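The questions below ask what stands behind the terms used for this predicted model. Each answer sets a computed value against its cut-off.

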Amino acid sequence: MLPVKRFSDQGWFPSVFNDFFNNDLVAKASASVPSMNIIEDEKGYNIEVAAPGADKKDFNVSLSNNKELVVKMEHKSENEEKKDQKYLRHEFSYTQFEHSFIIPDNVDKDSISADMNNGVLTIRLPKCSEDCKDKECRAIEIN
């Protein structure tokens, strides 16, 4: 849980307001890193990134020329206010995430693929023979 700053220098109201809504007891979804699985089999490697509520347009997956697979995500969502209600607290979420993986030399860099299904981004890194090493960088389209 992230530390929450108390506004004790502003009087009693902000503290009471935060205590009333349990502000320091609720972990924010944007404060966490997505869960990941990395799986190896005889055909290659799969990276699974759990991102419920995210869409494939929120992700950017690329391969750099220094053998790093870079996965970036930026997801914004906002709750619509109803005009006939007075909000004391209105929340929206913004999640940004970036993770880099050093990929093994035995990955066929031209055949890396990704798809998004049911809130899980799956990146497939097929293994190759020795002649496919040292390929250039490229962007990876998410299907």
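Q: Which residues is threonine 122 in contact with, leaving aside its neighbours within four places in sequence?
A: Threonine 122 is in contact with Ile47, Glu48, Ser113, Ala114 and Asp115. Contact here requires heavy atoms within 4.5 Å. Threonine 122 itself has its place in strand 7.

Q: Why is threonine 122 called buried?
A: The relative accessible area of threonine 122 is 11%. Buried means under 20%, so at 11% threonine 122 is buried.

Q: What makes strand 2 and strand 7 a pair?
A: Two strands pair if there are at least two bridges between them. Strand 2 (residues 44-50) and strand 7 (residues 120-126) have 7 bridges, in the antiparallel sense, and therefore count as a pair. Within this pairing, valine 120 of strand 7 is the bridge partner of alanine 50.

Q: Why do strand 1 and strand 6 stand at the edges?
A: The open sheet has 4 strands in the order 1-2-7-6, paired antiparallel. Strand 1 (36-40) and strand 6 (113-117) each have a single partner strand, so one side of each lacks a neighbour in the sheet. Neighbouring strands of this sheet are turned by 15 degrees against each other on average, direction ignored.

Q: Which residues of the largest nonpolar core touch the most other members?
A: They are Phe59, Leu69, Leu121, Ile123 and Leu125, out of 23 residues in this core. Strands 2, 3, 4, 5, 6 and 7 each give two or more residues to the core. Leaving aside neighbours within four places in sequence, the contacts of leucine 69 include Ile47, Val61, Phe101, Ile123 and Leu125.

Note on methods:
Residues numbered from 1 in each chain as written. Predicted model: local features only at pLDDT ≥ 70, side-chain atom pairs only at ≥ 80, totals over all residues. Heavy atoms only, no water. Axes fitted to C-alpha atoms, helices over the stretch in contact; angles between N-to-C directions. Core = buried A, V, L, I, M, F, W, Y, C linked by side-chain atoms within 4.5 Å. Buried < 20%, exposed > 50% of the residue type's maximum accessible area, 1.4 Å probe, protein only.
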